[in-house]
Structures are given as C-alpha cells and as structure tokens.
Amino acid sequence: MKNKILIPSVVCGGLLAFLSFRYINANAQPQGQNAIIQQTVMAIMQEGHYAPREINDSFSKKVFDKVIEGLDYDKKFLLQTDYDELKKYQFMIDDQIMDNRTDFFNQLNDIFVKRIAEAEQYYKPILNKPFNFNENDSIQLDGDKLKFAKNTADMKARWEQLLKYRVLAKYVDLKKTEEKKAKDSVGYVAKTSAVLEAEARESVVKMQDRYFKRLKKLNENDRFSLYMNGLTSAEDPHSDFFPPEDRKRFDEAMSGNFIGIGAQLQAQDDGKIKVQMIITGSPSWQQGQLKSGDIIEKVEGETGPVDIEGYEIEDVVKLIRGKAGTVVKMHVKHEDGTKQIIPIVRGKVEMEDTYAKSSVIESNGKRIGYIYLPEFYTNFTGNGDRTSGKDVENEVIRLKEEGVDGIVLDLRNNGGGSLSDVVDMAGIFIGKGPVVQVRGRGDNVMTLKSRQSEPVYTGPLAIMVNGGSASASEILAAAMQDYGRAVIIGANTFGKGTVQKLVPLDPFVSPEARKSIIDSWIAAKNGDAKFEGIGSLKLTIQKFYRINGGSTQLKGVTPDILLPDVYEGLDDMGERKNPSALAWDKIKESDYSKTNSIPNLAAMIGDSKKRTSTSETFNLVKQTGARLKSQQDHNVYPLNEAKYMAKIAEGEAINKKLDQIDSAKTKLVVMNLKADLEKVNVDTSSKEKNKKWIDALKKDAYLNETVNVLNEWIKVVAMKPTTSNK
C-alpha cells in the first residue's frame, strides 16, 4: 500500500455531492458494461478531478501507450503487425470516449486473447529439447528497450530466448546445490550437467503451466480494468479504477484488519496449498488445531467441501473468507501424515505488522523511544476501531512512562494513508495549530488544524524518512520541519502531494443501465453469485501544501540531515519519474508560529556529516548505490553459462553489500517495553518474530545515526534544567 492519502467523507463533505444526483447518462446511453464503466469514470474525472486534462489527441496518445505497456511490457505476446494495426487508435481514444465506445479495447482484447493462445503452444516444444549453454547469445530484460516481434517466427525465437534464460537460471541453482552436497557429504556422487539441465527444463515447464493457467483465468473484465487504469493514470498517477474485489482488498489494507481465519497460505510447486503461518490472536490461533506446515486439501463452507489442489491462492482465500461468526471447515493433512477436519469460526483478523509499535533504545546512558509506523491506517471498513493517530499517541504515552529522553518516529517506506490521522498525529507533538493546507478545484484552500489542546510530548524528536516515505508521511515530516519541532533525517521523500477520495460508481449509473448490467451479469454467472456493483474510482480531488505554502508534490521533503541512500539514484524512484504527475506550485503560507524546539540544528547537521563521511557503512551505501544503478542501466543477461555466472556474481556481490549495510555494527541496546513482554512471549512464533525485529533494529545504521543526533539534542536539553519534557 504505497503512495496514498485518503480522506474520510467528513473532511471533504459535499465536495462531490452535486454529482450524486446526476446520472451519467448524457447523449445516447452506451451499450454494455464496459462502455458504461468508461463513460461513468471519465464523466466523474472531468467533473470531480482536481485538475482534469483535456480529452484530446495528446490524452489519447498517453492512454494508448500506458495500456499497451501495461498489457505487454515484455513484448512477448503482441506482434509488430498487431501494434501497427492498433496504432490507428492512437489518436482516436478521445473520440471514442466522447462517443461512448470502446473500439480500441475491444480489438486489443481480441488480439491479446489470440496471442496468448498462440504463445501457450510455444513453450512445451521448446522445453522438450536440451539447451546449449556454451553459445554467446544474450537476452535483454528491459521491456522499454525491446521492439515488438516482426512475425510469429520472430516471436517463437523470443520465447526460446526467454525460456533458455529461465532454464539457465534454474540449472545454475541446481548445480550449486549439487556442488554443496558433494562438498558436505563424502562419497556423494553429483548429478551430471545433462541430468540437471533436464530437471531445470522440467521445473520451468511446471512454472509455465501455472503461468498460462493464471493468464487464461483472467477474463475480459480483468483486462478491461487494466485498460481503465490506463485512462485514469493518464490523468495522474494516483487515480485508479477498482473493481469490487480490488476495492475490498484496498479497504482491508487501509484498516489493517479483515474477516477471516488468520492463516497465511503459500502455494507449493506441486499445486498444494500450505499453511505458512498462523497470525497471533486470530480465529485460527484461538481455535488451536490448524498449524504451520499443514496442507489444506479441502475448504468446506456454505456450499460443501471444495478440493483446492491446483487452486490459486486468491481463490482459496475467497472460499475461506465469509461473514463474521460463520463456520468454515478446513480439511487438512498434518506434517505427520494424519488428516483432520478443523472447524474455525470466522472473525476479525488484525494484521499486527500494519500497526504502530515501539521499543526502547539505550545509547550513551540515554533512553530513546523508537516508534515504527508502516502506514497511516484508519477504520474505513467498520471491522475495527484502531487508527494510526490514536495508536501513535498511545505509544508516545507508554514511552514517556518508560522514562525516555527522546523519541524517534520511523516513517521510512511509509506510503501514507489517512489524512485525518496525520493531522491528529501532528497534534501529539505541537498541540493546537495548522498542520496542512488542502486546495481543491477552483483554488478553494482549506487549512486542517490539530484539535489537541496541548502537546502530549515536547521533548527531543526525530523523524526518519526515505524515498519510500510518501503522502501522509510527507505531510507530517513537512509540518514538523516547518514548526522547527523535529529534526528530519534520511533521504529525499517520494514527492506525492495529492489527495484521493474513493467514489463508488454505481450511484452515478441510471437505473436502466444498472438493470441491463445486472441482467447480463446474472446470465453470465448463471445466477450463482451476488452482484457487487461495477466498481469504484480512487479520484484525485485535492492537492496538499505545507503550512509554509510550498507543495510536496514532485519535490517531496528534503531532510534536515541527509543520509546516503542505496536506491536514491534508481530510475523508478519518486513522483518526478512519472510524466503524468501534477506540477509543483506554491500558495500563501498559513498563520503559524515556529516552536524552535531544536536548540542546535546547525551543529547537529555538521556533526552528522563528519560521522557519515568517515563511516564504513555509509561509504558502502554510496558505492553499492552506484553499482545498483549501473546494473539497472545494463539489464542484458548472457545465455552462456560462464558469462551468466559472472553476471550473477556481480548481483551477488551487490546483495552481499546490501546485507553488510543491513548488518551494521552498532552499540545500540534495544529492548521491548515492559508492558509488551507478555504479548511478545505469548507463543514461539511471536517470540521469533519479535527477536527478528529487535535484532534488525540493533543492526540499523540509519537508526544508529538518528540516535546519535538525538543524543546531541538531549545533551543540550540536559544543560537547561528548566526545560519541560511533557
């Protein structure tokens, strides 16, 4: 769940209300569900989007390029002749939108289905013969640098090249395994290269079987969703079309909970479904009989037992999920070979990894509170009452009870979430005051203010960010920076400065059109399932601005203390990489007063530069970042075994460097809060997960430097005994 910010209806109350009384039924009523969805989405875009683009030839070209790239980025299905035929629509999609037609999609869909069927015939004959890994051929894995195949012969050659690459990769893995066995076991006779090559081909055949099974499972509606997202992303990168199932998953991710049994599943190579982990506190955990390692053979719900071997994970999940309080029976085979039917009452499952959590760090005789917040979650589904704003406030209070001298709030790789929660969270540290400005269509500017009567915590505060910190994370970091309330540490943030609202499409469709869709849907489904609507639109309706007037759009937030970042130079990092992104601009600043909480920021910046410039870990970060960028720029892999091994060695060297970075030697002592000890020791799984988290914090070079910075702040505070730390 990255790069998002959503607002509950109370915040934007009435912004789109005028649309709710207008059926999207202008001119001639379009025929068919796809045309109705297209017309509805584009009408709402034009009337509700923050900055709708003109529907013209330029827009048409963007949509055309995005749809083709999204459907066939690797260029392993469409031929050059297909592309040339479809290219006639390059500047006509805008006209089709105006005429309520979907001709481009219809023809693209027909061609794509045909090419999938053809491609499915290629792989088995190709994989039926041994490959020669002593030739000097290679493969380009960057789809942007590939051209479409000229004809079917050219396409077969492309598939042969791709399959040879996959077999080579598997063959090398198998060979390494055999070499290790021979080294570890005296007298072990390693398999020959010919045998390993045959096993590698057999493995890739199974992989391709599953791949085409998934492809053929995708129906016209799935491909149309991709087409619609080509339309929405041509407006801006964060407007999306969600079919009903995708909307459900989005809501669950935003809230951090769902109704189910709480078992994480994993598909096996033989088509079986294995229980990977039981979520602590979930219905499965409470029932106690389902275990990690169990193979699920059947799922018995309201319609009887279903044999799930060969099913996709998402289809198994659909069978398991259901209404809270109902029973689902799991037919399982335990690791000891015994079988059992386990009844589990479905209930709320909370994904604890989504929620804020904290620890205490001891360094140089000081106690630093550390809060990790993976996203700004809130309760959009009604399944729970946890919100990130309230949870972070509770963590701050608990850390104060632990007697901490300073607090670190870690927003690295936090892609955002609820706008109301970020406003509440700012109040924890500033009390009352403006937090962010929101501008809607027509230059209507609204300032969102914290309602907290006084700050919960006024002591030393650091906020950690990086290139994955977006949206709500940027709002909080920017506000704390503008107030002078916290020192911001890390790398430049993502640069997403827009606000989205989820808009259901069904209320905007005329009753006649809706009835037509339902009738067609029932006929196609034979009336066996419930119609859940035509979908929703995540619509960009506002831009947000710092209280100093500047936008975070494109530019993001520049930390007070910049630390080297391995991924900063990669091409796909940041909003600025997307040509459809909205522009940066500035508005009038809010009426606010700086707290000037940081007593020695200039000195802290200078001291941090000295430390990082001589740090072995951060110098390694710079070197590894350069190598990673070079590898991204040269994404050609040899299909010669020796040369491939050399290329892989380069990648492994980078991975080793990354492991070194993630295993930095620090003097941090990290421990759980006393109040959390019972929870983290509740079972073996919880103990192991907690140990991994604590160990990772101890090796975190970025956290170590952040603690160093906070220690300097604390040292100055200690020299001023009258300073309050609420």
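Predicted model: local features only at pLDDT ≥ 70, side-chain atom pairs only at ≥ 80, totals over all residues.
Stop 1: Now pick Arg412, Asn413, Asp662, Asp700 and Tyr702, which are the closest to the pocket's centre out of 29 lining residues. Colour the lining by class and you'll get 18 nonpolar, five polar and six charged residues.

**Stop 2: a loop with a proline.** Go back to S18 (461–465) and find the loop that joins the pair S17 (445–450) and S18; Pro455 sits in that loop. Is Pro455 buried or exposed? Its relative accessibility is 17%, so Pro455 counts as buried, the cut-off being under 20%. Next, show Ile430: it is 25 residues from Pro455 in sequence, yet their C-alpha atoms are 5.1 Å apart.

**Stop 3: the cores.** Jump to Phe104 and Trp159, the residues with the most contacts inside the largest nonpolar core, which has 75 residues. Helix H7 (residues 152–184) gives this core its largest share, 10 residues. Apart from this core lies another one of 47 residues, including Phe376, Leu419, Ala477 and Val499.

**Last stop: around Phe104.** Zoom in on Phe104 and look for the residues it touches beyond four places away in sequence, among them Phe64, Leu86, Tyr89, Gln96 and Tyr227.

How values were computed
Residues numbered from 1 in each chain as written. Heavy atoms only, no water. Helix = DSSP H or I, 4+ residues; strand = E, 2+ residues; numbered from the N terminus. Buried < 20%, exposed > 50% of the residue type's maximum accessible area, 1.4 Å probe, protein only. Core = buried A, V, L, I, M, F, W, Y, C linked by side-chain atoms within 4.5 Å. Contact = heavy atoms within 4.5 Å. 1 Å grid on protein atoms, 1.4 Å probe; cavity = no way out; pocket = protein on both sides within 12 Å on 5 of 7 lines; lining within 4 Å. Nonpolar A, V, L, I, M, F, W, Y, C, P; charged D, E, K, R; others polar.
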